[in-house]
Structure formats: C-alpha cells, structure tokens
Amino acid sequence: SFFGIQEKHGINLLTKIRVEFSDLRDHRFSHNFNCISPICSCGIEDESSTHFFLCCPRFSCHRLNLLSKLSEIMNTDVKVLPKQHLAQIILYGSNVFNEITNRLILEQSILYIKNTKRFTILEAFS
C-alpha cells in the first residue's frame with residue numbers, strides 16, 4: 001500500500017526498490033543488467049536497499065534527516081531498531097501504525113530517495 005500518496009515519480013522509485021528492480025547495483029547485478037558487481041561505489045558492501053537507506057556513507061547527511069523525521073513520526077528512536085526491520089518500515093510502513101503514520105513514513109522515504117539524487121544517473125553501468 002502507498003497509503004494514499006499520489007506523487008507518481010516517488011511511488012515509481014519506491015516501487016522499483018521494493019521489488020528489487022531499481023538501479024541499485026545489487027538489484028541490477030542479480031538481474032544481469034549490465035552491472036559487473038553488486039558492490040556499492042562506496043566500496044563497503046553490496047548496494048542493497050538496506051545499504052542505500054541505512055549504511056552508505058555517500059548519503060549520511062540525508063540519512064540523518066530521514067532517521068530524525070522517522071523518529072519524530074514513530075515517536076521512538078529508530079536508530080535502535082535492527083537494520084533489516086527498519087529497512088522494511090522505510091519501504092512498506094508497518095501494520096503497527098495507522099494509515100496517516102504510514103503515509104508520513106513513506107513520504108519521508110520518497111523524500112530521501114529524491115534528495116540523494118541516486119537515481120538521476122544510472123550508476124550501475126560504471
């Protein structure tokens with residue numbers, strides 16, 4: 001569900017990440033789409049959805065904003081949550097929260113995706 005979000009470009013980007021069919025190197029590599037390695041350009045690990053949202057040093061400033069906003073929305077310090085669990089919340093929301101809260105979470109996820117500008121140029125070809 002997208003909880004009523006109408007922003008088409010953001011929904012498109014989020015959907016591609018959800019179904020692991022985005023330009024993230026791990027996604028492109030697993031589908032044999034012109035990507036010689038799943039390793040992120042930061043060199044730390046595979047560029048998975050979790051890495052993109054929660055680990056990549058290239059987006060640390062954007063991540064701080066995202067985690068701060070999510071902590072406000074969820075009324076808890078999200079940095080203490082296990083990374084895989086938090087990544088799922090960032091991508092899908094959670095049945096623990098109501099529709100309004102989930103909408104706010106996904107809006108912040110989309111804002112993060114857009115602010116990083118990660119998907120404006122296809123990096124996986126390099």
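**View 1. The largest nonpolar core of the predicted model.** Among the 29 residues of this core, Phe52, Phe53 and Ile113 touch the most other members. A nonpolar core is a set of buried Ala, Val, Leu, Ile, Met, Phe, Trp, Tyr and Cys residues joined through side-chain atoms within 4.5 Å. At least two core residues come from each of H1, helix H3 (49-54), helix H4 (60-74), helix H5 (83-92) and helix H6 (99-116). In soluble globular proteins, nonpolar side chains tend to be buried together. The model is predicted: local features need pLDDT of at least 70, and side-chain atom pairs count only at pLDDT 80 or more, while totals for chains, interfaces and linings use all residues. Residues are numbered from 1 along each chain as its sequence is written, and side-chain values use heavy atoms, with hydrogens and water left out.

**View 2. The surroundings of Phe52.** When neighbours within four places in sequence are left aside, Phe52 is in contact (heavy atoms within 4.5 Å) with Ile17, Leu24, Phe59, Arg63, Tyr112, Ile113, Thr116, Arg118 and Phe119.

**View 3. Helix H5 and its cover.** Leu86, Ala87, Ile89, Ile90 and Leu91 of H5 are buried; buried means under 20% relative accessible area, exposed over 50%, and partly exposed in between (1.4 Å probe, protein chains only). The cover over the buried residues of H5 includes H1, H3, H4 and H6.

**View 4. A nonpolar patch on the surface.** Val19, Phe21 and Phe33 form this patch and together have about 290 Å² of accessible area. Patches consist of residues with over 30% relative accessible area and no salt bridge; like charges are joined within 9 Å, and nonpolar side chains (Val, Leu, Ile, Met, Phe, Trp, Tyr) within 5 Å. A salt bridge is a side-chain nitrogen of Lys or Arg within 4 Å of a carboxyl oxygen of Asp or Glu. Accessible areas come from the Shrake-Rupley method with a 1.4 Å probe, and for residues only the protein chains shown count as cover. Phe21 lies in the loop between helix H1 (8-18) and helix H2 (25-30) and is partly exposed, with a relative accessible area of 44%.

**View 5. The setting of these views in the protein chain.** The protein chain has six helices and zero strands; helices (H or I, at least four residues) and strands (E, at least two) are DSSP runs, numbered from the N terminus. Of its 126 residues, 43% count as buried. The C-alpha trace spans about 40 × 30 × 20 Å along its principal axes.
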